[in-house]
Amino acid sequence: MALLAVSSLSKSFGGVTAVNNLSFEVQPGAIFGIIGPNGAGKTSLFNVLTGFIKASGGSVQFRGQEVLGKKPYEIVELGMARSFQLVKPFFGMTALETLLLPSWSPRIQRHGRDRGALERAAEQRLEQIGLAARGALRVDDLNQGELRLLDIARALSTEPDLLFLDEPFSGLGHEHIARLSTLLMQLRDRGVTIVIIEHRLRELMRLVDRVMVINFGSKLAEGNPADIVREPAVIEAYLGSKGKDLAAASS
Ligand SMILES: Nc1ncnc2c1ncn2[C@@H]1O[C@H](COP(=O)(O)OP(=O)(O)OP(=O)(O)O)[C@@H](O)[C@H]1O
């Protein structure tokens with residue numbers, strides 16, 4: 001059974017249809033990429049899937065359970081977590097404190113870990129993401145790339161089974177992208193399913209098992225990365241000359 005089954009999902013903002021009758025499935029243990037031009041509806045899709053905005057119609061099932069209509073914290077409780085394209089940290093808190101906050105969620109509290117264990121877990125998470133030396137710094141003093149990594153670590157702190165990442169590579173240098181890619185593959189190997197929106201196509205295509213292309217809120221194509229970069233409709237609508245480079249790189 002699919003871990004996530006999205007069926008005929010739509011979202012309109014007045015006269016703008018951001019997500020248009022979209023259906024797709026994500027299998028357990030996959031890394032699933034979502035690409036498309038600016039304004040294609042990718043972030044709106046994540047916002048609906050994670051309960052931040054209401055759908056206009058359709059169905060979203062996580063492990064066979066309907067999640068449309070649930071609040072973001074209820075969705076986290078079920079085992080889904082997300083990072084944000086625009087990171088809005090709690091200014092004044094340290095990086096380590098930011099990662100301790102999600103420990104108070106019922107999902108983590110039910111393990112009954114003491115404060116020392118929760119702090120060690122937060123420190124490990126900082127290390128995993130490459131921010132071990134930044135734990136005591138206030139988030140106000142972190143740069144955009146570091147804030148993005150911290151936001152991903154924050155999402156991981158709820159120990160999700162399904163992780164949504166909105167442009168995780170944006171603003172990161174090659175070293176951090178390589179480190180984050182390795183971490184995502186390790187998470188996948190441990191059974192975490194990952195859905196990624198990303199414009200850095202070369203880096204994304206190396207990581208994903210399957211990719212969906214959306215344009216004007218509708219699915220344009222879906223398949224494995226090597227086939228998708230050769231799809232004429234995708235090249236015309238989105239990849240353009242970048243598509244030829246990508247096709248050459250993935251052959
Ligand atoms: N809150 C909103 N109110 C009105 N229109 C919105 C709102 N959010 C998104 N839209 C519109 O919905 C469409 C899809 O936007 P969305 O941000 O989901 O695209 P995207 O694929 O994530 O783009 P990008 O790659 O630039 O982040 C756009 O036309 C956008 O202007």
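Student: In what order do the strands of the open sheet of 6 strands stand?
Tutor: This is a predicted model, in which local features need pLDDT of at least 70 and side-chain atom pairs count only at pLDDT 80 or more, while totals for chains, interfaces and linings use all residues. Residues are numbered from 1 along each chain as its sequence is written. Strands here are DSSP runs of E with at least two residues, helices are runs of H or I with at least four, and both are numbered from the N terminus. The pairing in this sheet is mixed, and the order is E6-E7-E8-E3-E9-E10.

Student: Which strands stand at the edges of that sheet?
Tutor: Two strands pair if DSSP finds at least two bridges between them. An edge strand here has a single partner, so one side is left without a neighbour in the sheet. That describes E6 (80-82) and E10 (218-223).

Student: What is the average twist from one strand to the next?
Tutor: Angles run from 0 to 180 degrees between N-to-C directions, and axes are lines fitted to C-alpha atoms, for helices over the stretch in contact. From one strand to the next, the twist averages 15°.

Student: Which residue of E9 is the bridge partner of Gly33?
Tutor: E3 (residues 31-35) and E9 (residues 210-215) run parallel and share 4 bridges. In E9, Gly33 is partnered by Val211.

Student: What angle does H1 make with E7?
Tutor: H1 packs on this sheet and touches E3, E6, E7 (162-166), E8 (193-197) and E9. Contact means C-beta atoms, placed from the backbone, within 7 Å. The direction of H1 makes with that of E7 an angle of about 150°.

Student: Which residue takes a positive phi in the hairpin of E9 and E10?
Tutor: E9 and E10 run antiparallel, joined by 5 bridges. Asn215 stands opposite Ser218 in E10. The hairpin has 2 residues between its strands, and the positive phi, near 50°, belongs to Phe216.

Student: How many bridges pair E1 with E2?
Tutor: Leu4 stands opposite Val26 in E2. Leu9 stands opposite Leu22. The antiparallel pairing of E1 (residues 4-13) with E2 has a bridge count of 7.

Student: Which residue in the turn between E1 and E2 has a positive phi?
Tutor: E1 and E2 form a hairpin with 2 residues between them. A phi of about 55° is found in the turn at Gly14.

Student: In E4, which residue is the bridge partner of Ser10?
Tutor: E1 and E4 are antiparallel, with 5 bridges joining them. Within E4, Ser10 is partnered by Gly57.

Student: Which element supplies the largest share of the shell around the ligand?
Tutor: A shell residue has its C-beta atom, placed from the backbone, within 6 Å of the molecule. Strand E2 (16-26) and helix H1 (42-49) each supply at least two. The largest share is 3 residues, and its source is H1.

Student: How many residues of that shell are charged?
Tutor: Asp, Glu, Lys and Arg count as charged; Ala, Val, Leu, Ile, Met, Phe, Trp, Tyr, Cys and Pro as nonpolar; the others, Gly among them, as polar. The shell includes Phe13, Lys42 and Gln85. It has 4 nonpolar and 7 polar residues, and the charged count is 1.

Student: Are H5 and H6 parallel or oblique to each other?
Tutor: H5 (residues 115-129) and H6 (residues 144-156) pack with axes 10 Å apart, at about 135°. Under 35 degrees counts as roughly parallel, over 145 as roughly antiparallel, 65 to 115 as roughly perpendicular, and the rest as oblique. H5 is therefore, relative to H6, oblique.

Methods: Contact = placed C-beta atoms within 7 Å.
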